Amino acid sequence: MDSPEDIFYLKQFVKQHPDNQMGWYLLGKQYKLAGKEGKANYCFLQAGEVYDAFEHESHPLSENQLQLLKDWDLQQKKKRRARKLGALALLFLLVAVFAPASTSVFKERPEQPEPIALVEVNPIGVVFIPRKERNPVGSAWNSLIAAGKQAPLHTIAARLEEDEGWRKWTGNTRLLMSVEKENGSSKLDVTMYDRLTCECEPSEASSAAAQYKEWSRQQETHWTLASGIYQYEKKYKKWPEQLDDLIQSYPNNVLSGERSGMRSMFPAVLRKLKVAQAQKNRSIQEQAAGNQQQEESDKRTSPIVGTNGILDKQWSQPLEVVVDKASYRLAVIQGDIIVRSYKVGLGGDATPEGSFYISEKVRNPNGRDDGNFGSRGMTLSNTLYAIHGTDEPGSIGKDESLGCIRMGKADVEELFDMVPLGTVVKIKNGTLPSKVQQPAERFQLEPLQNETNPLKIYKWLT
């Protein structure tokens, strides 16, 4: 965070929140990096105790110098106010000269006050700091400033474990800090949890850890729901009107059931997806008109899947499945995040590489949950290839199938619930890390409809 744009944003922030000491401190750091010592010192003095906490010492300027700076600041404010009054006086003079005599210069005050637009504020949000970021505190603060009025009342900054270019949802997550604000107030309460981040004695993080755990559970629900709505619109060329439209009997079982909180999330997620789709359509129209610059802008600001209090613009795709033949791994991914990772059995060269999609989801294929296809099966692109369970658990991690992807019972049942009908499946050779990490709690939906298909004998290439 060292560009002129960052300084501009921080200047706007402290202008709107003059009592926020952290904002003054971060602005001072940016001025110092830019070589503007005078402005940096002024900001550090405004930062007060925050400067002392992060720099481990009081600012060297004396109280008298501080008072001089405050007096100078007051004079500048008076000058700006005088200029504004002069501009208004000139405007009134011009109106009096050029306005028709029959025209009223000022509109009458309306009898009823104008309605105030309500801003939806998430109670809890999370910003993830990449490992390469050298200034995690500044990065988190920049995300909050960019979020503006949409920023959550309570934000946790965390760092996901990274492995071979992937961020791991169920890996070792470090909580760095939390920022809490009162609704409608400019005051922020900052708590540090990571010794390396603050170079200080960190606060106890059990409360924040519990909040993060509950938030992450809700986020998994949000991902599956948003992906389900996205796939429903793609399949039927219309938006679902209610959650039950997604949870139907076979073969229209886009989602395999319901989870706590999913029904209450549905209206807001649907609204975000409709807005994103409208922006995407507008981008396509403007591209056709030759407005390439506007198209690139929409790509940066219009996520496909809305998020649940996440201040991370990279999270912009529905859930996908990636299969790595080299490491015998199957992963559910969202962008560059591995949400789940499983060990699977394959068929060597008989397992094709390429891009497929889940064209069918069936429970207890061929009427059994302990047969050669196990308790769940997902057909790939209407072929004889599928992701399914197995009655030979010893084949997991080996090339013993005729081309299908075999999974353990608990794994395939979790995957069946997490990814909706239509989910993209990419089979590659060498892309996923080999380490498998499972959460303490499996993702599970409560089934509401019949997802079996007793009329068909499945002959997948098991």
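How many cavities of 30 Å³ or more does the count come to, and which residues line the largest cavity?

Modeller: Please bear in mind throughout that this is a predicted model. The count comes to one cavity of 30 Å³ or more, and about 40 Å³ of space lies in the largest cavity. Its lining consists of Lys 168, Thr 170, Ile 338, Ser 341, Lys 435 and Gln 437.

Leaving aside neighbours within four places in sequence, Lys 168 is in contact with Leu 160, Glu 161, Asp 163, Ile 338, Lys 435 and Gln 437.

In general, the strands of a sheet pair through backbone hydrogen bonds, in either the parallel or the antiparallel sense.

Strand 9 spans residues 337-343 and runs antiparallel to strand 8, the two being joined by six bridges; Arg 329 has Lys 343 in strand 9 as its bridge partner. The hairpin formed by strand 8 and strand 9 has two residues between the strands, and within this hairpin Gly 335 takes a positive phi near 65°.

Strand 8 itself (residues 329-334) is mostly covered, with six of its six residues buried. The cover extends to both faces, for Arg 329, Ala 331 and Ile 333 are buried on one side, and Leu 330, Val 332 and Gln 334 are buried on the other. Towards strand 7, strand 8 is again antiparallel, with five bridges joining the two, and Val 321 stands opposite Val 332 in strand 8. The hairpin of strand 7 and strand 8 has four residues between the strands, and here Tyr 328 takes a positive phi near 55°.

Beyond strand 7 the sense of pairing is parallel, as strand 7 (residues 320-324) and strand 14 (residues 424-428) pair in that way over four bridges, with Lys 428 in strand 14 as the bridge partner of Asp 324.

The protein also contains an open sheet of four strands, whose order is 1-2-5-6 and whose pairing is mixed. The twist in this sheet averages 20° from one strand to the next. Strand 5 (residues 174-181) runs antiparallel to strand 6, and five bridges join them; the partner of Met 177 in strand 6 is Met 192. Helix 6 (residues 136-147) packs on the sheet, where it touches strand 1, strand 2 (154-159), strand 5 and strand 6, and its direction makes about 40° with that of strand 5.

For the protein taken as a whole, there are eleven helices and 14 strands, and buried residues make up 43% of the 462 residues. Among contacts between residues at least 6 apart in sequence, 63% join residues at least 24 apart.

Conventions
Residues numbered from 1 in each chain as written. Predicted model: local features only at pLDDT ≥ 70, side-chain atom pairs only at ≥ 80, totals over all residues. Heavy atoms only, no water. Pairing = 2+ DSSP bridges. Axes fitted to C-alpha atoms, helices over the stretch in contact; angles between N-to-C directions. Contact = heavy atoms within 4.5 Å. Buried < 20%, exposed > 50% of the residue type's maximum accessible area, 1.4 Å probe, protein only. 1 Å grid on protein atoms, 1.4 Å probe; cavity = no way out; pocket = protein on both sides within 12 Å on 5 of 7 lines; lining within 4 Å. Points joined across faces, edges and corners; volume = space filled by probe spheres on them.
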